[in-house]
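Hello,

Here is the structure we spoke about, for you to look over. My notes follow.

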Amino acid sequence: MSTLYEQLGGAAAVDKAVDIFYRKMLSDARVSQYFEDVDMDRQAAKQKAFLTMVLGGPNHYTGRDMRTAHAHLVKRGLTDLHVDAVIENLGTTLKELGATDDQISQVAAVANSVRSDVLGR
Amino acid sequence: MANVVCDGKAVAVERGQRLLDALTGAGVRVPSSCRAGACQTCLVKATRGAAPAAAQVGLKEGLRLQGYFLACLAEPAEDLEITVDGGELSVPARIDRVDRIGVDVVRVRVLPERCFPHRGGQWMTLIRDDGLARPYSIASVPESPDGIGPLEIHVRVVRGGRMSGWLSAGEASGTAVQLRGPAGDCFYTPRDLGQPLLLAGTGTGLAPLWAITRDALRAGHTGPIEIWHGARTADGFYLVDELRALSRRAPQVVYRRCALEGGGDGEVSVGRLDQFLLARGAAAGGRAFLCGDPTFVASLKRGLFLAGLPLRDIHADAFVSAPPPG
């Protein structure tokens, strides 16, 4: 069975998804504070790696990466509420790209699997 | 603490201390400018031990693979041997002439003495023989792919600025210098020739835009090209006649100005250029090139992105100034 990454159209689709997802994050008052003073191109590259991972595409993401990458945000008060916001924005992004509710649930499950790492638990 | 040997001299780098500070504190001469990881002036090369990856952000792959990294970002955790001799990266050049083209802007024409492949709009580092180094955007479009031939930069004359003071004082012509680079991806690439281009810059952020515009026209770009120049007051505008002439020759080029202060007239709008452009609802299609003041660039980049422009179609170059001498 092909991955959602392949079904949506591979790397080109992820590029499109990153733009949509990143816009949602910047416009979401729950999480936008964490994107102030951030280099946008580097942030987009990180989001591309994240989206590739949760969609089942070729990636080298590990739980340890997620832990290290978010440690400074945990110090700034990152909690489950923020992770929920990310997963919600991820779902609406995929919906816009034509994913089914089933597929979105599967992606949310993958994203949830790194929740403890992200929050440093 | 890490022990760093720099061209044979041992320097101790305390935990949490930046390598650049440790080196200059120990009397090692390292060219530097922005001290914030943007201008790439303080490139050093690891000759033994691994270059700190976090200090290689934004470098071309070729430089990373050779072990180059930025001393201003590096907090080495392990012992290293490095060299600050960037000679293999530099091209000898000569300052050909300097002309005042604005109230506080001079145009410097530089002649590389070897191949210096570059694109108009990229930036390069100008290094004086005493090691003083500053990054400048290239305002000219190369005549040939090898980049031999005169290239031009626009230099804002800063009060107390060591490089700009020297360049504008009239004694610099004929001097031998070194060029390093070029770097940056704020340049025109010939694709989608009918696409609208939005070019917006403040101060000498006009320099790369001037190059990008002519590069696009030379490549046969047919879409509308809108050039917006922002300045604090109307005194800050320069190249006005040249840009007007260009827009007469190439009717698809629209040239507009925006001043932060002062009374507007038909030609000059008043306000913050980023807010002005975002408020009028910039078209979501096309490509944007944004150069100059870092706050301006960041604000407009974010705004255009939120308005629907894909990130890869926004080319931005924030000019991070050198800290004032002191």
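**Helix α5 of chain A**

In chain A, helix α5 (residues 80-96) has 17 residues and reaches 24 Å from its first C-alpha to its last, close to the 24 Å expected at 1.5 Å a residue. That expected span is 1.5 Å times one less than the number of residues. Helices (H or I, at least four residues) and strands (E, at least two) are DSSP runs, numbered from the N terminus.

This is a predicted model, in which local features need pLDDT of at least 70 and side-chain atom pairs count only at pLDDT 80 or more, while totals for chains, interfaces and linings use all residues. Residues are numbered from 1 along each chain as its sequence is written, and chains are lettered from A and ligands numbered from 1 in the order in which they are written.

The buried residues of α5(A) are H82(A), V86(A), N89(A), L90(A), T93(A) and L94(A). Seen down the axis of α5(A), they fall within an arc of 135°, so they line one face of the helix; the arc is that of the directions from the helix axis to the C-beta atoms. On the other side of α5(A), D80(A) and L81(A) are exposed. A residue counts as buried if 20 or more other C-beta atoms lie within 10 Å of its own, exposed if 12 or fewer, and partly exposed in between, with C-beta atoms placed from the backbone.

The buried residues of α5(A) pack against α2 (10-27), α3 (40-54) and α6 (101-113) of chain A. Contact between two residues requires their C-beta atoms, placed from the backbone, to lie within 7 Å. After α5(A) comes G98(A), with a positive phi near 95°.

**Cores of chain B**

The largest nonpolar core has 71 residues, of which L199(B) and L290(B) touch the most other members. Its largest share, 7 residues, comes from helix α4 (residues 206-218) of chain B. A second, separate core of 24 residues includes C6(B), L23(B), V44(B) and L70(B). A nonpolar core is a set of buried Ala, Val, Leu, Ile, Met, Phe, Trp, Tyr and Cys residues joined through C-beta atoms within 7 Å.

Leaving out residues up to four places away in sequence, L290(B) touches A200(B), V297(B), L300(B), K301(B), I314(B) and A316(B).

**I101 of chain B**

I101(B) sits in strand β6 (residues 90-102) of chain B. I101(B) is partly exposed, with 15 other C-beta atoms within 10 Å. With residues up to four places away in sequence not counted, I101(B) touches V106(B), R107(B), Y238(B) and L239(B).

Regards
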